[in-house]
Amino acid sequence: MSAKTKKKKKSKWYDWQPKRQFSERNQKLIDDLNAMPRDYSIMEVLSKWRLITYLWVVFFPPYGLYRIWSSESTFRKSERYVWTFMIICYVVYFFKLILFS
């Protein structure tokens, strides 16, 4: 067969995930992210302190809020803000339920 009569191989249409080549900067960022230590393990998230705090949040929110913001707390700053907002919503809903029922 001559060179002109050979057929070209078609690319596979199902090859939906091509291999990527990252730039040096992007590869450095990816390596830095992978090298960062993970802050919390599952045992730290479900520690005895946190479980007791969760119970206080459900049954007596003001004291739960105190435990979240105390200096002994293991909650991150972002978690503290989220829990504070949730407790405020919880208390407002509770008072709305009592006053308007």
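1. The axes are lines fitted to C-alpha atoms, for helices over the stretch in contact, and the angles run from 0 to 180 degrees between N-to-C directions.

2. The model is predicted, so that local features need pLDDT of at least 70 and side-chain atom pairs count only at pLDDT 80 or more, while totals for chains, interfaces and linings use all residues. Residues are numbered from 1 along each chain as its sequence is written, and side-chain values use heavy atoms, with hydrogens and water left out.

3. The protein chain has five helices and zero strands, where helices (H or I, at least four residues) and strands (E, at least two) are DSSP runs numbered from the N terminus. Of its 101 residues, 15% count as buried, a term that means under 20% relative accessible area, with exposed meaning over 50% and partly exposed in between (1.4 Å probe, protein chains only). Among contacts (heavy atoms within 4.5 Å) between residues at least 6 apart in sequence, 37% join residues at least 24 apart.

4. The axes of helix 4 (residues 61–69) and helix 5 (residues 77–99) come within 10 Å and cross at roughly 170°, and the two helices are therefore roughly antiparallel to each other. On the helix 4 side the contact is made by Pro-61, Gly-64, Leu-65, Ile-68 and Trp-69, and on the helix 5 side by Arg-80, Tyr-81, Trp-83, Thr-84, Ile-87, Tyr-90 and Val-91. These residues divide into nine nonpolar, two polar and one charged, where Ala, Val, Leu, Ile, Met, Phe, Trp, Tyr, Cys and Pro count as nonpolar, Asp, Glu, Lys and Arg as charged, and the others, Gly among them, as polar.

5. Within helix 4, the buried residues are Pro-61, Gly-64, Arg-67 and Ile-68. Seen down the axis of helix 4, these residues fall within an arc of 115°, so they line one face of the helix; the arc is that of the directions from the helix axis to the C-beta atoms. The buried residues of helix 4 pack against helix 3 (48–59) and helix 5, whereas Pro-62 and Tyr-66, on the other side of helix 4, are exposed.

6. The axes of helix 3 and helix 5 come within 11 Å and cross at roughly 25°, and these helices are therefore roughly parallel to each other. Here Arg-50, Tyr-54, Val-57 and Val-58 of helix 3 meet Glu-79, Trp-83, Ile-87 and Tyr-90 of helix 5, and the residues of this contact divide into six nonpolar, no polar and two charged.

7. The buried residues of helix 5 are Glu-79, Arg-80, Thr-84 and Ile-87, and what covers them includes helix 3 and helix 4. Ile-88 also has its place in helix 5, but at 48% relative accessibility Ile-88 counts as partly exposed. The C-alpha atoms of Ile-88 and Pro-61 are separated by 8.7 Å, although the two residues are 27 residues apart along the chain.

8. Helix 1 (residues 24–35) is hardly covered, since the count of buried residues among its 12 residues is zero. From its first C-alpha to its last, helix 1 reaches 16 Å, close to the 16 Å expected at 1.5 Å a residue, the expected span being 1.5 Å times one less than the number of residues.

Note on methods
Parallel < 35°, antiparallel > 145°, perpendicular 65-115°, else oblique.
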